[in-house]
Structures are given as C-alpha cells and as structure tokens.
Amino acid sequence: MASAAGELYLEKTWEIHYAGENGTTFEEIVLQSGIKAKCITHGCLDQKDLYILARKMSYVLLCMPSDTDSTSWLPARLYDYLGNKCRIKCLSPRNAEIVEILQRYGNALLLFYDETSEVQTAKLKSFLDKKSARESMREQTESFVMNFERKVLTGRLANVFQHCLDTERNYERPKNNE
C-alpha cells in the first residue's frame, strides 16, 4: 500500500495525521516507505477530539493484522469511523470479518495483502479521485450507519444487561433439602 501511495503522490503536498501512541515510529515508517507526505502526530486523543479530527480528514486508515488468527478481530475504532460516516481505507486479509462490514458500508476502499502494487495503485487512485465523501458514498440506509453509533451500541449493551438481570430475578433456585 505504501508503494501505491508513493506512486500517486510524488510531491509533499498531502498530510498524514496519526493519533495514538508511538507517533514518532509511525512517522519514521511513513518516510522509510518512500511516501512523501507531511506527518502530523496528535498523540492519544479523547473521544471528542478524535471525532473532530476524523471528520476533518479526507479518509481514515485501518491496517488490519495480516495473520490468520486475527480474521475475526474488529478494532473498536471501526465503530467510531462508521458512526461518523468517515471514508475508510483498509488494508486487510481477504477473509477478515471487517471486509463484509466495509463492503456493506460502501464508503470504503478495501486493499488486500495479496494484491499487487499495481492493483492497489489503481484502486487507490479511483478512491482518491472522488472529490468528497458524499460523492463516494453509496446509498446507505440510515439504519446501517446508526447501528454503529455509540448511543445505539451502548443501548444494546444495556438491554443485554437488563435481560440478564430479569432472567436472574425470574430464575427459581432449587430448594436446599438439608
């Protein structure tokens, strides 16, 4: 993916923002890969500041682990990005669970580890040529996107807990005959 980005943007006219730990390491990796971009690190951000930053970006990047043990793993940040209706670029194994979710979401570019640099470059160019998130979004039903908003997810978790409590209250314990 780095070589694909490097081929498309030969000048240092774009920025890569990084939020999280090890920002210096991230910047070194970007520069070593040959991508000519201004790297801006933000450190760890609270939820509100991350939301503001993500909304300003042309797209957000998710790099999934390439090992087969992580195909069913979903990063928590994915829910934030979906709820914020961000454009998502994701590098992933083909059989990862995130692939189906992002295909249904529609406002995402999926790049796979087994693709050639030429294929990734073509897909990336097409994705980046779209002028805005609104132009690239497929007709998404609000219900799909809403499924990933924090209030909805928290409400679902509260319902699970409530169901557990109700089940516990209604459970008749066996009488002790002693």
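How many salt bridges does the structure hold?

Guide: The model is predicted. The structure holds four salt bridges.

Start with the network. Arg94, Asp114, Glu115 and Lys123 are linked in it by salt bridges. Take Arg94 with Asp114: their closest N and O atoms are 2.9 Å apart. Asp114 sits in the loop between β5 (108–112) and α6, and Arg94 in the loop between β4 (88–92) and α5 (97–105), so this pair ties together parts that are 20 residues apart in sequence. Asp114 is exposed, at 55% relative accessibility. Arg94 is partly exposed, with a relative accessible area of 47%.

Arg94 also meets the side chain of Glu115 in a salt bridge, at 4.0 Å from N to O. Glu115 lies in the loop between β5 and α6, and Arg94 in the one between β4 and α5, so the two join parts that are 21 residues apart in sequence. Glu115 is buried, with a relative accessible area of 14%.

Now move to helix α4 (residues 76–83). Both Asp80 and Arg77 belong to this helix. They are three residues apart, about one turn of the helix. Their side chains form a salt bridge of 2.5 Å, N to O. Asp80 is buried, at 6% relative accessible area. Arg77 is partly exposed, at 32%.

Next comes helix α6, which covers residues 117–129. Its 13 residues reach 18 Å from the first C-alpha to the last. That is close to the 18 Å expected at 1.5 Å a residue. Its buried residues are Gln120, Thr121, Leu124, Phe127 and Leu128. Seen down the axis of α6, they fall within an arc of 135 degrees, so they line one face of the helix.

For contrast, consider a nonpolar site. Leu157, Val160 and Phe161 make a nonpolar surface patch of about 290 Å². Phe161 is in helix α9 (residues 150–170).

Finally, the whole chain. There are nine helices and five strands. From the N terminus, the elements run α-β-α-β-α-β-α-β-α-β-α-α-α-α. Of the 178 residues, 34% count as buried. The accessible surface comes to about 11,800 Å², and carbon and sulfur atoms hold 51% of it. Among contacts with a separation of 6 or more, 57% involve residues 24 or more positions apart.

Key. Residues numbered from 1 in each chain as written. Predicted model: local features only at pLDDT ≥ 70, side-chain atom pairs only at ≥ 80, totals over all residues. Heavy atoms only, no water. Helix = DSSP H or I, 4+ residues; strand = E, 2+ residues; numbered from the N terminus. Expected span 1.5 Å × (residues − 1). Buried < 20%, exposed > 50% of the residue type's maximum accessible area, 1.4 Å probe, protein only. Arc of directions from axis to C-beta. Contact = heavy atoms within 4.5 Å. Areas by Shrake-Rupley, 256 points an atom, 1.4 Å probe, with all protein chains shown as cover. Patch = residues over 30% accessible without salt bridge, like charges linked within 9 Å, V, L, I, M, F, W, Y side chains within 5 Å.
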